[in-house]
Amino acid sequence: MPTIVVDVMPKAELLDPQGKAVSGALGRLGVDAFTGVRIGKRFELTVDGPVDEAVLAQAEQIAADILSNSVIEDVVGIEVVE
């Protein structure tokens, strides 16, 4: 069964307290190769049947209306995984 993967991230201009906490933990562990961390969400929508343009359009609408809060988050990716 195909799966539609939706990735949602906090808007770039907003603070990401979880990302900041992880970034601080990396520094305390001596990992200095990374200058920042942002944490988002991943949703997997399993599809019963083929993914056509209509199904993909529904997934895009669901991502915008239900899976993300457009005030503070952006849908950054929608992909079909077979």
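## About the model

Because the structure is predicted, local features need pLDDT of at least 70 and side-chain atom pairs count only at pLDDT 80 or more, while totals for chains, interfaces and linings use all residues. Residues are numbered from 1 along each chain as its sequence is written, and side-chain values use heavy atoms, leaving out hydrogens and water.

## The sheet

Let's start with the strands. Helices (H or I, at least four residues) and strands (E, at least two) are DSSP runs, numbered from the N terminus. Two strands pair if DSSP finds at least two bridges between them. Strands of a sheet pair through backbone hydrogen bonds, either parallel or antiparallel.

Here, an open sheet of 3 strands runs in the order S2-S1-S3, with antiparallel pairing. S2 (41-46) and S3 (73-81) are at the edges with a single partner strand each, so one side of each has no neighbour in the sheet. On average, neighbouring strands are turned by 20 degrees against each other, direction ignored; axes are lines fitted to C-alpha atoms, for helices over the stretch in contact, and angles run from 0 to 180 degrees between N-to-C directions. S1 (residues 3-10) pairs with S3 over 8 bridges in the antiparallel sense, and Met9 has Asp74 of S3 as its bridge partner.

## The helix on the sheet

Helix H2 (residues 53-67) packs on this sheet and touches S1, S2 and S3, its direction making about 150 degrees with that of S3. Contact means heavy atoms within 4.5 Å.

Which residues of H2 are buried? They are Ala59, Ala63 and Leu67, where buried means under 20% relative accessible area, exposed over 50% and partly exposed in between (1.4 Å probe, protein chains only). These residues cover an arc of only 45 degrees around the axis, which puts them on the same side of H2; the arc is that of the directions from the helix axis to the C-beta atoms. The buried residues of H2 pack against S1, S2 and S3, while the face turned away from the buried side carries the exposed Glu53, Gln58 and Asp65.

Is Thr3 buried or exposed? Thr3, in strand S1, is buried, with a relative accessible area of 15%. Leaving aside neighbours within four places in sequence, its contacts include Leu45 and Val80.

Now look for Ala12 in the loop between S1 and helix H1 (17-28). Ala12 is exposed, with a relative accessible area of 67%.
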